[in-house]
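Subject: Structure handover

Hello,

I am passing on the structure we talked about, and I would like you to look through it before reading my notes below.

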Amino acid sequence: MKNTSIDFTSFKNMILEYLRQELGEDYTVFSHTVRKNNGIEMTGIVVKRSGCNASPTIYIDRLYHNNITEAEVKEAAELLNSDFRKAEMKEDMDLSGFLDFEKAGERLAFRLVNKEKNRELLKEVPYKTFFNLALVFYYSVQEPPFGGKAAILVHNTHMKLWNTNVDELFQIAFRNSPKLFPGEIEGMEEVIKDILAEGLRKDIPHNSTEQMEFTQEWMEEILTQMTQELAGAKLPMYVLTNRQKFYGAACMLYPGILKEFAKKLGQDFFILPSSVHEVILVPAKDAADKNTLKEIVTDINRTQVAEDEVLADSVYLYSSSKDQILWLV
């Protein structure tokens, strides 16, 4: 079968068989379809160890491509096996607090999603409308190894169990979110430098003092060059997200954060929703017209952002005189 075309179902089944053989009888391995943000359905592989209530799920859709070979499937399966072993929970996870609204309320937060793309999901979850977006609620999983980067979406069934309503959820989540996920604004060049530096640190092994010194010099040279290039860009840009870089687009609704930034800039600014995790802020006096900005956002969403992380093909404006966000296009 070498070099023979393998369809996605066969790809999935080959991975399941490989993992079952490698992991042994103490593990149950199965696949299931999960509806993600924006109505995107993804195939997850679940590995459940006997006696443990916490099971990691890893999605395989992006590992598949047309004309994939058996050798590539085996490579993907080996990668998944390694990822599962790293993500495996050693102990049961206590989520009993989720059932008690008094305790669960301490971890309730909100995030923003596209209202139209999630119209089916919104039939099942409590939400508040914000222009063409929807504000939905989630329970933040703070236990190791997640540290706030995992979430349980609040459904209508949970709201009924807690004997609460949308308005109360909103009040609690609106109060909690800035505390659990503090917002921060950085210049775009600083954000890119951090991303590049982190990538270089992961990709380059540090086997000796000499290599570490060489790598550091190389990183500084690349970062300096990037900074100089970005400094000459036409549009000064800033990134608003939270400290965890998780559902950070919601930070634009935090009380006072946009008002304070407008004071520093001395002007209004456009808000470009680059993903569910962050928004880009562009000073209004320096920016192109709103339609050109919309084209930029749309292009980024189509080419640079995963489908399930797209927020909106829109442009918003923060008006300092009104202390409000306005939806332009």
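This is a predicted model: local features need pLDDT of at least 70, side-chain atom pairs count only at pLDDT 80 or more; totals for chains, interfaces and linings use all residues.

Residues are numbered from 1 along each chain as its sequence is written, and side-chain values use heavy atoms, with hydrogens and water left out.

The chain holds 9 helices and 13 strands, where helices (H or I, at least four residues) and strands (E, at least two) are DSSP runs numbered from the N terminus. Of its 329 residues, 43% count as buried, a word that here means under 20% relative accessible area, computed with a 1.4 Å probe on protein chains only.

Helix H1, which covers residues 8–23, has 16 residues and reaches 22 Å from its first C-alpha to its last, close to the 22 Å expected at 1.5 Å a residue (the expected span being 1.5 Å times one less than the number of residues). Its buried residues are Phe 11, Lys 12, Ile 15, Leu 16, Tyr 18, Leu 19 and Leu 23. They cover an arc of only 165° around the axis, which puts them on the same side of H1; the arc is that of the directions from the helix axis to the C-beta atoms. These buried residues pack against strand S1 (27–35), strand S2 (41–49) and helix H2 (70–87), with contact meaning heavy atoms within 4.5 Å. Just after H1, Gly 24 takes a positive phi of about 90°.

A search of the whole structure finds 2 cavities of 30 Å³ or more. A cavity is a set of points, on a 1 Å grid over the protein atoms alone, where a 1.4 Å probe fits but cannot get out, and lining residues have an atom within 4 Å of a point; grid points are joined across faces, edges and corners, and a volume is the space filled by probe spheres set on the points.

The largest cavity holds about 90 Å³ of space, and its lining includes Leu 23, Tyr 27, Val 47 and Phe 84. S2 and H2 are the elements that give two or more residues to this lining, and S2 provides the largest share, 3 residues. The second largest cavity holds about 30 Å³, and among the residues that line it are Phe 110, Tyr 138 and Tyr 254.

Best wishes

Key
Buried means under 20% relative accessible area, exposed over 50%, partly exposed in between (1.4 Å probe, protein chains only). On a 1 Å grid over the protein atoms alone, a cavity is a set of points where a 1.4 Å probe fits but cannot get out, and a pocket is an open set with protein on both sides within 12 Å along at least five of seven lines; lining residues have an atom within 4 Å of a point.
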